[in-house]
Amino acid sequence: MDLLEYQGKQVFARHGVPVPSGRHAQTVDEAAAAADDIGYPCVIKAQVQIGGRGKAGGIKVAQNRNEALEHAQAILGMDIRGLTVHELWVEGASEIASEYYASVVFDRSAKAPLVMLSTKGGMDIEEVADSDPDAIARLHVDPLLGFQEFHGRRLAFEARVDDDVVRPVGAMLAKLYDLFVAEEATLVEVNPLIVTPERDVRALDAKVTLDDNALFRHPDNAELRDPSNEDPQERMAKERGLTFVKLDGDIGILGNGAGLVMSTLDVVAQAGGSPANFLDAGGGSKAEAITSAVEVILSNPSVKAVLFNIFGGITRCDEVARGLIEAFDQINPTVPFVVRLDGTNDVEGRKLLAEAQLPNVFAESTMDGAAQKVVELAASA
Amino acid sequence: MSILVDSNTKLVVSGITGREGTFHSLRNRDYGTQVVAGVTPGKGGQDVEGIPVFNTFHDAVASTGANTAMIFVPPRFAADSILEAEDAGASLIIAITEGIPAHDELRAFNVIKKNGRARLIGPNCPGILSPGKANVGIIPAAFFKEGNVGVVSRSGTLTYQIGNVIAQQGFGNSTIVGIGGDPVPGSDFIDIIGLFQDDPETELIVMCGEIGGDAEERAAEFIAENVTKPVVAYIAGFTAPPGKTMGHAGAIVSGSRGTAKAKAEALESRGVRVGRTPTEVAELAASLLGAAA
């Protein structure tokens, strides 16, 4: 789960990472009141999970109440690369002497946390990594040892931060690492990490990704939401316990097993089609789960045809067939379905489907044949 | 021969008294696997259809000589169970559980690595099947027979799909290893491919990768330097959008990293044949084996 900037800053503050004081606002009036409270100049920042907010006009400095009202008015409801701004963060403007970059990432390859520090802050770090890799100091931390003070010193000296802030920068890295572990994050990133003219060190931005699998241990974090990033269909699928990702095509997809579903999307794309979603019905799916999944897929009005690609291991093909028959009984879909059932109880499943004589349901025996068929049906719909 | 599990495997299952744990343990035993013990704290002294249940892994290993552990407990208990199995001396630990917190996996992985006495497969994997010898996990054994194709995969059903097409062409498998779909797998492609390279029965290796991480890229390097047997690969997730987790916790394109395209290119540039569909992978494997025969 990705946190919004203000949610990340609240987590930072909880763990003693210095951040500018600020307030959350959802309306123009709330934003102006927050700005009055914080004092001028202040910064009005769009809360959406996407880079380039500043360039898109989503971050503005207000010198007085009128400007605060004007900026809040302009930014709320703004579309930033497909995301609508519903929330603002208003914080005191910071004076900046230097901009650094700091992060703790979950390095899957090394199977250890990786801490990075650079004096090239305020820009896209992937670009810095490409153009000037030596500008980023990197250190893997043994998770059984944890972050030690020497780690902080090494990184600060290697990154060549100003001498007088070696200690406070090292201390901030230690706190970022602590919160990475304590909140079970997979990414904690500060860009920019600033040094003020008074030589204070602060996190001016906060990017935090939390491990969904660990949210049961962090009920407060599990409550954090991002209304700009919630697709109604994805929410519906989540409520029904389905693994679902919305895509922008017109062919609904259901399969069992994440790898097989990913592969199904690829095979459909190779056949010239465009998948409308990823949906993994999971192992051992029972009929009700299939019925429920069909409802989710068809709640997307773009869907012109649906492909079921089932290879039964623990999942039994006869259960899948029953679920589909039940779905037809309940919701009477108008789009064609292509159904490929293979593996455990496939003969029984195909027999059930044949006997049910569902309108517009086509049985295919191979994955490739099924993909071809569904692409043809979607194209002629 | 085969790798990792065979007729010498003596299996202890944590979570054997749960619904899924019971079902699959008995299925594994029916296949011929020696399932010698179960572990459920507080249920020591009971049995599951004749399989004795112990309170701790230590009791189970001491009483039965179990050498392989299978983890079937819910996610919040799973890392602890893995570490207990390691502490009790199991040399192979196969973790089926899906949804283990990433930091728990990180700790378990690093403890096992540091101690250097056990191998972990998974988590979030379907297990290991050596056809005709032993089945540990949830792989539907009926689709596979003995043979000379070694399979290593991040995905369960995709493996069944590819294995089934290979079987239809008349070929069988030495061992099928699911390494799992999580960000911190206990064993990576290179660990398993190395074992297949040394296994006399295995003549061809099929690897099934997917988006996320760089395990496939590292495997490409490893194969170029260390593997003389033919390797055929499949990569799932060409159409996956960046930033979205595609079912498996580890299947995510982060920014421009971990794409299917980059993985396929890395493998092909190192001489590994990459099939565009599961069917094509099976056909490539069959034609290479046919040519060798």
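Strand E3 of chain B and strand E4 (residues 51–54) of chain B pair in the antiparallel sense over two bridges, where two strands are said to pair if DSSP finds at least two bridges between them. Within this pair, B:Val48 has B:Ile51 of E4(B) as its bridge partner. The names of the elements follow DSSP runs numbered from the N terminus, a helix being a run of H or I of at least four residues and a strand a run of E of at least two. What you are looking at is a predicted model, in which local features need pLDDT of at least 70 and side-chain atom pairs count only at pLDDT 80 or more, while totals for chains, interfaces and linings use all residues. Residues are numbered from 1 along each chain as its sequence is written, and chains are lettered from A, and ligands numbered from 1, in the order in which they are written.

E3(B) and E4(B) belong to an open sheet of seven strands with mixed pairing, whose order in chain B is E3-E4-E2-E1-E5-E6-E7. At its edges stand strand E3 (47–48) and E7 of chain B, each of which pairs on one side only. Strands of a sheet pair through backbone hydrogen bonds, and they may do so in a parallel or an antiparallel way. Helix H1 (residues 19–31) of chain B lies across strand E1 (10–14), strand E2 (34–39), E3 and E4 of chain B, and runs at about 160° to E2(B). Here, axes are lines fitted to C-alpha atoms, for helices over the stretch in contact, and angles run from 0 to 180 degrees between N-to-C directions.

## The two domains of chain B

The domain assignment, which is an automatic or database one, divides chain B into domain 1 (10–121) and domain 2 (144–292). The centres of these two domains of chain B, taken over C-alpha atoms, are separated by 27 Å. Their contact takes ten residues from domain 1 of chain B and seven residues from domain 2 of chain B, two residues being in contact if their C-beta atoms, placed from the backbone, lie within 7 Å.

On the side of domain 1 of chain B that touches domain 2 of chain B, helix H4 (102–115) and strand E7 (119–121) of chain B each supply at least two residues, and H4(B) gives the most, with five residues. The residues of this side of domain 1 of chain B divide into eight nonpolar, no polar and two charged. In this division, Ala, Val, Leu, Ile, Met, Phe, Trp, Tyr, Cys and Pro count as nonpolar, Asp, Glu, Lys and Arg as charged, and the others, Gly among them, as polar.

## A helix pair in chain B

The axes of helix H7 (residues 215–226) of chain B and helix H8 (residues 260–269) of chain B come within 8 Å and cross at roughly 5°. H7(B) and H8(B) are therefore roughly parallel to each other, given that angles under 35 degrees count as roughly parallel, over 145 as roughly antiparallel, 65 to 115 as roughly perpendicular and the rest as oblique. Their contact is made by B:Glu216, B:Glu217 and B:Ala220 of H7(B) together with B:Lys263, B:Ala266 and B:Leu267 of H8(B), and the residues of this contact divide into three nonpolar, no polar and three charged.

## The four-stranded sheet of chain A

Chain A has an open sheet of four strands in the order E1-E6-E2-E3, with antiparallel pairing. Strand E1 (22–25) and strand E3 (59–62) of chain A stand at the edges, each with a single partner strand, so one side of each is left without a neighbour in the sheet. Neighbouring strands of this sheet are turned by 20° against each other on average, with direction ignored.

E1(A) and strand E6 (residues 88–92) of chain A pair in the antiparallel sense over four bridges, and A:Ala25 stands opposite A:Leu88 in E6(A). Helix H1 (residues 5–14) of chain A packs on the sheet, where this helix touches E1, strand E2 (42–46) and E6 of chain A, and its direction makes about 140° with that of E1(A).

In chain A, the domain assignment gives domain 1 (22–92), domain 2 (98–222) and domain 3 (232–380). The centres of domain 1 of chain A and domain 2 of chain A, taken over C-alpha atoms, are separated by 26 Å.

The contact between the chains takes 41 residues from chain A and 46 residues from chain B. Strand E13 (243–246), helix H9 (258–270), strand E15 (277–280) and helix H13 (367–380) of chain A each supply at least two residues of the side of chain A that touches chain B, and H9(A) gives the most to this side, with eleven residues. The residues of the side of chain A that touches chain B divide into 20 nonpolar, twelve polar and nine charged.
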